[in-house]
Amino acid sequence: MNCNSFTMNECFQYQSLTNPMGFRLVRLQSSLDDTSAIFSDLVECNLSTATSYIALSYTWRDPVVEENSPWEFEKIFVNSRQFSVGINLFCALKALRNTKAYLWVDAICINQQDNHERSIQVALMGEIFSRASKVYAWLGPEVEISHLAMDFLSHLASSPINNELIVWIRNTTVEPQWLPTWEALMKLLNRSWFKRAWIVQEIALARDVLFICGDKRLTIAEWEKADRLLFHHWAKFISGLRHRLPLNARTFDPSRSVLDLRRRLLHGDRIPVLASLQMTRYALATDPRDHLFSKVAISNNQLAELCPPNYDIPPEEVCKVFLEAYIQRKQDLYVICLAGTKPANYAYLPSWLPTWSCTKPAYPICNFQSEIQPQWPHFDAAKGTKPEVSFSSSKGHLLCTGVEVDELDGTMGDQWGSEYLDEGIQSVASNNAYRTLDAAYKALVRTITGDTNRWGEPSKPPHDFEALFSRRCYELNFVMDEYKANPASHPPEPLRHSSSIFEVSWRSMRSLKFGGIPMRYIVERQGKSANQTTAPNQKFAQQQSLWPAFEHSAGQIMLERRLFTTLKGFLGVGSASVMAKDRIVILKGCKVPVILRQKGQYWELIGECYVDGIMYGEGVYNRIPYNGENSDWQTFDII
């Protein structure tokens, strides 16, 4: 607790908790004078018997300022002693000062300077929030036009879902008077509360939730209904907004991930550890250790067994403790695949060590969101082998047994370039592992979707994806060729930053050669065989019912990734940082291939990849002899 300018004899002093299930609650003293000081009483209670209290979910920093902005503090009084709190909590307490119920507020109820107490209380936080009669989700004070967003969500939640409502929403995306409302919604969802690590379990485990922004209120049921409506019909709305606001489906991810976790837990689903961590990697935390500790309760305490909360251990060591325990306990090496997109401030760490924080995480190639229902896809690149790993703690190396199966040849260009760009690193090899161009085209569709329909519950993609892909590429090529012939004209969709992930990805991949033939001609050949034209009687791809599913699936796979070709003639997608001559390696115990980059005698992990043709063990069929020995397996020393 930071007392700032207060002298120590004026500051509140904590008394140690007296029993293992002890926790503190605070009650605010009512006042009708909004300008008067905030007084409160702090008491110790027993969590085993306490049920009539409200837990506060909020951010320590101001939710509408930059993450690296200076801290601002205000003073309140706790048991008649001065106590320093962040400006956002101060605003929340002012808004709630006439609430008669006891509150649980972590900054007040936990002695933040006592690491031992913090560790114990963090382990109890799942139970604290699940036992609370209600959770107040304080999104922050009303700022500028935030009330428009809350009113809009309230209207969606109170309206019957029918075609009339869908048409009305679609009209709001093109009518100028509604632009401030959509801008307000974008700003609301970009508030730091939605990205805070701790809110995941606070909302997912709550009995009931009330969202508060200034003096506006929304129940959890209202928020869920509005979110569900916008998500399921997003493809119908986005075209009107795409070129006016930087608002896209990704903006809704933090809110949707929390609501999805909550629904799964309420239905009795057991959330795997990796699912809980991957689904919340957008989250921010003041203490890096909280990226792990804040997910303890939603992982059914599996995370606590692997890595018990302990604030006496340095953050990097916490990540290593978890990783080693997970690999040994689960016999699954896929966990290291989630290390490939670290924020810049973690670049000094080993390439194989996930930190569980990333501002723009790629969606995982594998789906691991459930332990109850069978999921697609069931990738098994290592053919059921167990991990063979060892850790070199002194050097920070990870030694893994694996086999090198291929090498990257060409890659698509930078799909986020501001100028006309579709060159990339051109392929040199002319091999086609799929033998025919028709088979190569089908492999391309499987590759850019990760062989998965990700709309709703993941499943095998329908064959109609193939026709949709060629149709949309035909349309995009048509407008792009027109623009290339007349650069002075208005740039078409694939050349704008506001375009969909699929559109800008196609712009960059269409000139990449496969088997010596540019990708656009492989796709156009397929379109011609399907008799696709620009005739008025043909439906545009975006008008077809499966288009949202295809665009969503391709968008998730291609975000922060690049299409590549290999020397042996395979197609794949990998991290946006992949380069020609990177190696494709199958590590024992890892369900997908990984990309490694040679650094002298060592290797750097670039990340996971999808390579069509080796995802189900094909790459190791001939490398697992009956006697268990084969010279193709080798040890990779990963730094």
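Is S146 buried or exposed? S146 counts as buried, because its relative accessibility is 5% and the cut-off for buried is under 20%. Keep in mind that you are looking at a predicted model. Here is a short tour, from the whole chain down to single residues.

**The whole chain**
- The protein chain is built with 19 helices and 19 strands.
- It has 639 residues, and 56% of them count as buried.
- The chain exposes about 26,900 Å², and 51% of that area is supplied by carbon and sulfur atoms.
- Take the contacts between residues at least 6 apart in sequence: 73% of these join residues at least 24 apart.

**A closer look at S146**
- You can find S146 in helix α4, which covers residues 146–158.
- If you set aside the neighbours within four places in sequence, S146 is in contact with P141, R191 and C213.

**Cysteines and disulfides**
- A disulfide is a covalent bond that links the sulfur atoms of two cysteines.
- How many disulfides does a search of the whole structure find? The search finds zero.
- C307 is buried, with a relative accessible area of 5%.
- For C400, the closest cysteine sulfur is in C590, and the distance of 8.8 Å is too far for a bond.
- C400 also counts as buried, at 1% relative accessibility.

Definitions and conventions. Residues numbered from 1 in each chain as written. Predicted model: local features only at pLDDT ≥ 70, side-chain atom pairs only at ≥ 80, totals over all residues. Heavy atoms only, no water. Helix = DSSP H or I, 4+ residues; strand = E, 2+ residues; numbered from the N terminus. Buried < 20%, exposed > 50% of the residue type's maximum accessible area, 1.4 Å probe, protein only. Contact = heavy atoms within 4.5 Å. Areas by Shrake-Rupley, 256 points an atom, 1.4 Å probe, with all protein chains shown as cover. Disulfide = S-S within 2.5 Å.
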